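Subject: Structure for you to look at

Hello,

Here is the structure I promised. Please open it beside this email and follow along.

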Amino acid sequence: MSTRVLVTGGTGLVGSAIRHVIQTTEKRNDEEWIFVGSKDGDLTDLQSTRELFEKYKPNKVIHLAAMVGGLFYNMNNNLDFLRKNMLINDNVLLVCHEINVNKVVSCLSTCIFPDKTTYPIDETMVHNGLPHDSNFGYSYAKRLIDVLNRGYFEQHNRLYTSIVPCNIYGPNDNFNPTASHVIPGMIHRLYNIINDNTVDTPQEERVFTVWGSGKPLRQFIYSLDLAKLAVWTLREYDSVSPIILSVDEADEVTIEFVARSIAKAFDFKGRIEFDTTKADGQHKKTASNTKLRSYRPDFQFTKFEEAIKYTVDWYLQNQDKVRK
Ligand code: NAP
Ligand code: GFB
């Protein structure tokens with residue numbers, strides 16, 4: 001029997017990367033892939049969810065749909081992140097069970113782990129303590145996916161599992177600075193500083209302000225690398241326990257290094273300053289990818305500065321369709 005895969009959240013950063021890889025390096029002729037966004041059905045509504053899944057009748061699902069955003073968007077909207085994502089996740093997994101979907105891969109995030117923890121974080125630590133205050137809503141909604149997966153396995157023997165990506169970036173991200181994560185937010189802001197024709201300040205005297213101290217540490221995975229690993233998880237990973245999909249611990253970088261890499265990609269000659277009146281969020285959330293490496297020791301991640309350059313170039317060449 002051929003496989004029909006439905007990707008919820010298929011129009012976003014990760015969804016569009018999965019669409020790219022299954023049409024290129026990860027292509028298989030016995031699989032039909034369908035990508036849907038909120039205009040195809042509002043997954044916070046159970047009836048719309050049922051209608052969407054009845055229409056496509058998938059036998060596998062990659063569940064990406066969520067209210068997603070960076071540190072500042074989370075800090076200002078924790079209740080919405082909690083309720084909307086709880087509704088989406090419960091509806092999607094319930095309907096997958098109702099129509100007998102035999103595999104679901106949902107998405108957690110390395111930002112949902114306990115704030116007071118030992119490092120590196122690993123998959124066994126998801127529920128070991130309170131999440132960081134800045135994104136408690138998103139964190140609890142995501143942790144409940146893992147609890148739901150356990151419930152569907154114990155009560156119905158369903159193989160519903162989850163991936164735990166670190167911070168993701170790449171083409172077709174959300175570049176709106178109010179909602180965005182750090183990399184798209186910085187790209188959008190620096191682009192505007194460079195192209196601001198309302199001032200006649202020479203380029204060398206322009207200032208790019210990084211929000212926060214620049215000291216926090218993050219692991220960043222390029223969206224196309226994550227997409228390949230998400231497709232692998234759907235096809236080959238057969239455990240209900242979450243699996244962290246992250247670059248190596250040694251690839252962790254500071255926010256300052258991110259800013260300097262983006263400035264280099266724009267060939268920006270001005271100054272970089274830090275606005276420490278703005279929040280830093282979690283200082284670090286260093287995650288171990290030992291479990292992933294045990295399955296995929298050979299996997300090659302795209303080099304960070306190379307992927308930043310690809311992303312900046314994509315942004316410059318796709319001004320007409322950038323979400324901002
Ligand atoms: P994104 O670019 O914001 O895309 C979100 C997707 O969800 C879009 O396709 C959106 O549809 C859809 N969606 C949102 N609300 C919906 C609703 N009520 N009904 C139906 N669809 C809805 O997000 P992303 O960065 O690709 O994230 C994908 C997954 O990865 C999420 O589960 C996220 O939590 C997880 N994740 C992301 C990161 C990161 O750094 N980006 C890190 C770890 C985990 P529209 O386009 O129509 O709005
Ligand atoms: O990607 P980000 O917004 O979220 O990164 P988190 C925030 C860090 O980047 C903070 C600094 O240290 C900010 O001070 N920063 C500097 C900026 N300039 C900017 C900017 O222009 N925009 C933004 N957004 N930050 C999120 C979680 O944490 O990680 C979410 O809140 C989600 O729930 C996401 O899981 C993956 O990495 O701090």
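First, a term you will need. A patch is made of residues with over 30% relative accessible area and no salt bridge, and nonpolar side chains are joined into one within 5 Å. Also keep in mind that this is a predicted model.

Now the patch itself. Met-86, Leu-144 and Val-147 make a nonpolar surface patch of about 230 Å². Met-86 sits in helix α4, which covers residues 78-98. Met-86 has 35% relative accessibility, so it counts as partly exposed.

Next, ligand 1. There are 28 residues around it, and Thr-11, Ser-38, Leu-64, Tyr-138 and Arg-323 come nearest. By class, the shell has 14 nonpolar, 11 polar and 3 charged residues. Several elements supply at least two residues each: α1 (13-22), α5 (136-156) and β6 (167-169).

Look at the polar contacts of ligand 1 too. The side chain of Ser-38 has a polar atom 2.6 Å from an oxygen atom of the ligand. The backbone also takes part. A polar backbone atom of Leu-13 is 2.9 Å from an oxygen atom of ligand 1. For Gly-9, a backbone N or O atom lies 3.3 Å from an oxygen atom of this ligand. How much of ligand 1 does the protein bury? Taken alone, ligand 1 exposes 900 Å², and the protein buries 86% of that.

Then ligand 2. Around it are 25 residues, of which Cys-111, Asn-167, Arg-218, Ala-279 and Asp-280 come nearest. This shell has 11 nonpolar, 10 polar and 4 charged residues.

A polar backbone atom of Ala-279 is 2.7 Å from an oxygen atom of ligand 2. In the side chain of Arg-218, an N or O atom is 2.8 Å from an oxygen atom of the ligand. In the side chain of Ser-109, the distance from an N or O atom to an oxygen atom of ligand 2 is 3.1 Å. On its own, ligand 2 has 710 Å² of accessible area, and the protein covers 98% of it.

Which elements give two or more residues to the shell around ligand 2? They are α3 (71-76), α6 (182-194) and β7 (207-211). The largest share, 4 residues, comes from α6.

Best wishes

Key: Residues are numbered from 1 along each chain as its sequence is written. Chains are lettered from A and ligands numbered from 1 in the order in which they are written. This is a predicted model: local features need pLDDT of at least 70, side-chain atom pairs count only at pLDDT 80 or more; totals for chains, interfaces and linings use all residues. Side-chain values use heavy atoms; hydrogens and water are left out. A residue is near a molecule or strand if one of its heavy atoms lies within 4 Å of it. A polar contact is a pair of N or O atoms within 3.5 Å; within protein, one must be able to donate a hydrogen and the other to accept it, and residues adjacent in sequence count only if both atoms are side-chain atoms. Accessible areas come from the Shrake-Rupley method with a 1.4 Å probe; for residues, only the protein chains shown count as cover. Ala, Val, Leu, Ile, Met, Phe, Trp, Tyr, Cys and Pro count as nonpolar, Asp, Glu, Lys and Arg as charged, and the others, Gly among them, as polar. Patches are made of residues with over 30% relative accessible area and no salt bridge: like charges are joined within 9 Å, nonpolar side chains (Val, Leu, Ile, Met, Phe, Trp, Tyr) within 5 Å. A salt bridge is a side-chain nitrogen of Lys or Arg within 4 Å of a carboxyl oxygen of Asp or Glu. Buried means under 20% relative accessible area, exposed over 50%, partly exposed in between (1.4 Å probe, protein chains only).
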